[in-house]
Amino acid sequence: MSSRERHKASRKSNSKSKRKKRDEERVEVLKHYDTFYNQAPPGLVKEEEEHPEDCIPDLPENKDAREFLSKAPSKGLWMPLGKEVKVMKCWRCKTYGHRTGDRECPLFVTGNAEIEKFRFIHEDPMHNFLTEKRKAEKLERVQQLQALLQSSDSSSSSDSSSDSTSSSSSDERKKHKRRKKHKH
């Protein structure tokens, strides 16, 4: 081997060792950054971590929502298994995890009868018109029946001079009219 070849071989080994040293230094610097930036500063008092299920009260009816939120991932914007996470309270059943109109609500179909009746009345534009029309019809019927009673009373007073058979028949007519009145 000539001196030239030895010199080239020593250069290659020196460059390889220099490269190795540079790589090792870079690794050390990266390790320093990693440990420095991922660790909390000294003297930091760590408070309790907030969990997403803590915003829902710990009640038996909220058990499913709390359990799901405790197992749900806290990082990222993806929904596990396609299940949507809702931190909201239902006004009907007073539980967390869904809203009033959602199908998950146990009162979705049934609801509260009084609230539904109130809602129906106030959302129906024809409700006031129909109730006023029914009241007017009832008043008209009452007036018609009062007129019939007055006419039958005046006819019965004129019939009082006739014999007793006619008075008994007028009593039957009055009863019959009263029955008709109660049927309507």
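View 1. The backbone nitrogen of Tyr 96 sits 3.0 Å from a polar atom of the Asn 62 side chain. That side chain also reaches the backbone oxygen of Pro 57, at 3.3 Å. This is a predicted model, in which local features need pLDDT of at least 70 and side-chain atom pairs count only at pLDDT 80 or more, while totals for chains, interfaces and linings use all residues. Residues are numbered from 1 along each chain as its sequence is written, and side-chain values use heavy atoms, with hydrogens and water left out.

View 2. You will find Asn 62 in the loop between α1 (3–38) and α2 (63–71); helices here are DSSP runs (H or I, at least four residues), numbered from the N terminus. Asn 62 is buried, with a relative accessible area of 0% (buried means under 20%, exposed over 50%, partly exposed in between, with a 1.4 Å probe and protein chains only). Setting aside neighbours within four places in sequence, Asn 62 is in contact with Ile 56, Pro 57, Thr 95 and Tyr 96 (contact means heavy atoms within 4.5 Å).

View 3. Ala 65, Arg 66, Phe 68 and Leu 69 are the buried residues to look for in α2. They lie on the same side of α2, because they cover an arc of only 165 degrees around the axis (taken from the directions from the helix axis to the C-beta atoms). Turn to the other side of α2 and Lys 63, Asp 64 and Lys 71 are exposed.

**View 4. Leu 30 in α1.** Leu 30 belongs to helix α1 and counts as exposed, at 56% relative accessibility.

Definitions and conventions
Helices (H or I, at least four residues) and strands (E, at least two) are DSSP runs, numbered from the N terminus. A polar contact is a pair of N or O atoms within 3.5 Å; within protein, one must be able to donate a hydrogen and the other to accept it, and residues adjacent in sequence count only if both atoms are side-chain atoms.
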